[in-house]
Amino acid sequence: MAITDTAAYAHLTDEDVAALGYELDAIRAEIEESLGARDAAYIRRTIGFQRALEIAARLILAATRSRAGWLTGVAALATAKSIENMEIGHNVTHGQWDWMNDPEIHSNTWEWDMVAVSAQWRYSHNYRHHVFNNIVGVDDDLGFGVIRVTRDQPWKPEHLVQPLRNILLAVIFEWGIALHGVHSERDRAEGDAAQISRERKTLSTKIFRQVLKDYVVLPALGGRRWRRVLAGNAAANLARNLWAYVVIFCGHFPDGAEKFTEEVLQDETRGEWYLRQILGTANFRAGRVLAFLSGNLCYQIEHHCFPDLPSNRYAQIADRVRAICDKYDVPYTTGSLPGQYLLTLRTIYKLALPNRFLTATSDDAPETASEKKIRREPIPVR
């Protein structure tokens, strides 16, 4: 099975794990102490840039008559939507900018520009996913309930079509996030029919407003060119969905992003929680522009260790986190974006098949491992 003892997997003593936790806590404390005007200016400048880019893109879509102009407008709008979705919406809703006490840029008030409801996402993502990262049967984001990403998940005949499910999820990623959020709220309600009904109504209202804006109101403002605006909005939403999907999958499902059993939660210490976040996530290499467009989620390891620290600090934090990993001989998984995505695709296609067609086990497979592999204990074939 997957990792049941994070310290044993990493060859660390209890004292080592505690020391690792103290060093990461020190990074957090230092960054929190240094937050100030430059950071506030960064997020306000980012929001201003995103809004200006979106307005320019919509004007181009409405005014242009050429195909090149339409493609330019779509590219600009897709970029603006990606920035709003990832560098702004995702990170603001994580509470990264709550320290500013700005009522507009706050996790409790920000509503992002897609069909998912921010409040529902905060529970499904900030709590269910980040606290229980990659724990089989607990983390709802582990395959999002439709894709098998570890041999610890029992194979079902429906997994045969998961390569097609993967494509569909990529295309409709914002809708998948929306449904994922309301399903988590349903579990949270624990059978409270009235609460479940309220959450479904909240999602339905958000969907109605979003669809009305993107596919009725804004195209209507384009006048005789409404078809071009409508097609441009749809194309930009598709591009944003595909990009968000790639970034998220590359941070969680390539080789080296390990999976865990529920046993790791028993008396889990702060240091063990940090260690699980490091072992359960993966980075990809990116320059400043690619990092910005990905919401700085190219630093997924740092994001999982410090999900509520401002994203503009992740590049600064990354060198120190990697140095700590080197010090304690803890794997720090990273690679190129295409490489990480190809590894993810390999896992998705491979695990569409039953285990009897696979050559490794959940203890020593490339996409997952356990402390048995590290200890070189005999691994039973099952």
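Tutor: Helices are DSSP runs of H or I with at least four residues, strands are DSSP runs of E with at least two, and the numbering goes from the N terminus. This is a predicted model, in which local features need pLDDT of at least 70 and side-chain atom pairs count only at pLDDT 80 or more, while totals for chains, interfaces and linings use all residues. Residues are numbered from 1 along each chain as its sequence is written, and side-chain values use heavy atoms, with hydrogens and water left out.

Student: What pLDDT does the protein chain average, and over which residues is the pLDDT below 50?

Tutor: The pLDDT is the predictor's confidence in each residue, from 0 to 100. The protein chain averages 92, and 97% of the residues score at least 70. One stretch has a pLDDT below 50 and makes 11 contacts in the model beyond near neighbours in sequence, namely residues 377-382.

Student: How many helices and strands are there in the protein chain?

Tutor: Residues 24 or more positions apart supply 72% of the contacts with a separation of 6 or more. Of the 382 residues, 55% count as buried. The secondary structure comprises 15 helices and zero strands.

Student: What radius of gyration does the protein chain have, and how does it stand against a compact globule?

Tutor: The radius is taken over C-alpha atoms, and the globule rule is 2.2 Å times the number of residues to the power 0.38. The C-alpha trace spans about 70 × 50 × 45 Å along its principal axes. For 382 residues a compact globule would come near 21 Å, which agrees with the chain's value of 22 Å.

Student: Are α9 and α14 roughly parallel or roughly perpendicular to each other?

Tutor: Axes are lines fitted to C-alpha atoms, for helices over the stretch in contact, and angles run from 0 to 180 degrees between N-to-C directions. The axes of α9 (residues 226-252) and α14 (residues 337-350) come within 9 Å and cross at roughly 80°. Angles under 35 degrees count as roughly parallel, over 145 as roughly antiparallel, 65 to 115 as roughly perpendicular and the rest as oblique. The pair α9 and α14 is therefore roughly perpendicular.

Student: How do the residues of the contact of α9 with α14 divide into nonpolar, polar and charged?

Tutor: From α9, W243, Y245, V246, F249 and C250 meet L337, Q340, Y341, T344, L345 and I348 of α14. Ala, Val, Leu, Ile, Met, Phe, Trp, Tyr, Cys and Pro count as nonpolar, Asp, Glu, Lys and Arg as charged, and the others, Gly among them, as polar. The division is nine nonpolar, two polar and no charged.

Student: At what angle do α6 and α9 pack?

Tutor: N166, L169, A170 and V171 in α6 meet L238, N241, L242, Y245 and F249 in α9. This contact has seven nonpolar, two polar and no charged residues. The two helices are therefore oblique to each other. Helix α6 covers residues 162-171, its axis is 7 Å from that of α9, and the angle is about 120°.

Student: What relative accessibility does A170 have?

Tutor: A170 lies in helix α6 and is in contact with N241, L242 and Y245, apart from neighbours within four places in sequence. A170 counts as buried because its relative accessibility is 5%.

Student: Which residues does R240 touch, not counting those up to four places away in sequence?

Tutor: R240 is found in helix α9. R240 counts as buried, at 1% relative accessibility. The residues touched are K81, S82, N85, D113, M114 and E174.

Student: Where does N134 lie?

Tutor: N134 is a residue other than glycine with a positive phi, near 60°. Its relative accessible area is 1%, so N134 is buried. N134 sits between α5 (118-129) and α6, in the loop.

Methods:
Contact = heavy atoms within 4.5 Å. Buried < 20%, exposed > 50% of the residue type's maximum accessible area, 1.4 Å probe, protein only.
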